[in-house]
Amino acid sequence: MDEAQLSTVVQGTWGYLDPEYLRTNQLTDKSDVYSFGVILVELLTSMKALCFDRPEEERSLAMFFLSSMKGGKLFEVVDCRVINQGTEEQIKEVARLAARCLRLKGEERPSMKEVAMELEGLRMMEVHTWDEENPEETEILLSEKNKEFGHGDSTNASAVYDSIQSHVNLSLGDGR
């Protein structure tokens with residue numbers, strides 16, 4: 001191989017490599033999304049991406065995870081420490097996001113920016129769990145906010161929304 005050919009050889013770890021890359025020899029931005037999906041699954045399950053000590057149908061963590069989700073056995077593969085730290089809904093949301101990242105066709109996967117935004121949303125959901133614990137307080141706070149906005153003054157509400165949207169877009173950059 002000459003130097004130009006060597007620079008195009010992709011090195012990666014089995015278990016993290018995008019199956020689409022294995023078929024086409026083309027890396028895309030969505031190849032990174034697949035690898036990140038594997039990492040999310042590792043975090044959820046505390047298992048390695050590839051393990052030859054497991055039965056054949058469980059060797060690829062990504063495929064085993066997707067099969068478990070499809071079979072309704074998500075909480076059988078999620079590590080008990082994760083179950084004890086998160087809510088059932090948060091765990092399901094992260095699992096669904098991981099499954100979307102692991103789609104075989106790259107075009108069906110979310111972008112890394114979308115993944116980052118969804119994870120940030122889940123993190124914010126955790127920060128605001130007081131909503132569920134004290135619905136009366138939430139109602140009072142929301143009604144006070146409505147008064148500040150003049151009961152539906154869309155210009156003020158729109159300005160706040162635009163401000164938040166700009167902040168989120170700036171803080172996430174291009175997702176890479």
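This is a predicted model: local features need pLDDT of at least 70, side-chain atom pairs count only at pLDDT 80 or more; totals for chains, interfaces and linings use all residues.
Biologist: What is the relative accessible area of Arg96?
Modeller: Arg96 has 38%, so it counts as partly exposed (20% to 50%; buried is under 20%, exposed over 50%; 1.4 Å probe, protein chains only). Residues are numbered from 1 along each chain as its sequence is written, and side-chain values use heavy atoms, without hydrogens or water.

Biologist: Which salt bridge does Arg96 form with its closest N and O atoms 2.5 Å apart?
Modeller: That one is with Glu93 (Lys or Arg side-chain nitrogen within 4 Å of an Asp or Glu carboxyl oxygen). Arg96 also meets Glu89 in a salt bridge, at 3.0 Å from N to O.

Biologist: Why are Arg96 and Glu93 about one helical turn apart?
Modeller: Because they sit 3 residues apart in helix H7, residues 88–101 (helices are DSSP runs of H or I, at least four residues, numbered from the N terminus).

Biologist: And how exposed are the two Glu partners?
Modeller: Glu89 is partly exposed at 38%. Glu93 is partly exposed too, at 27%.

Biologist: Switching topic. What does Arg100 pair with?
Modeller: Glu118, in a salt bridge of 2.8 Å, N to O. Arg100 is in helix H7 and Glu118 in helix H8 (residues 112–127), so the pair ties together parts 18 residues apart in sequence. Arg100 is partly exposed at 25%, and Glu118 is partly exposed at 28%.

Biologist: Which residues join into one network?
Modeller: Glu89, Glu93 and Arg96, through salt bridges that share partners. The structure holds 7 salt bridges.

Biologist: What is the mean pLDDT of the chain?
Modeller: It is 78, and 64% of residues reach 70 or more.

Terms used: pLDDT is the predictor's confidence in each residue, from 0 to 100. Helices (H or I, at least four residues) and strands (E, at least two) are DSSP runs, numbered from the N terminus.
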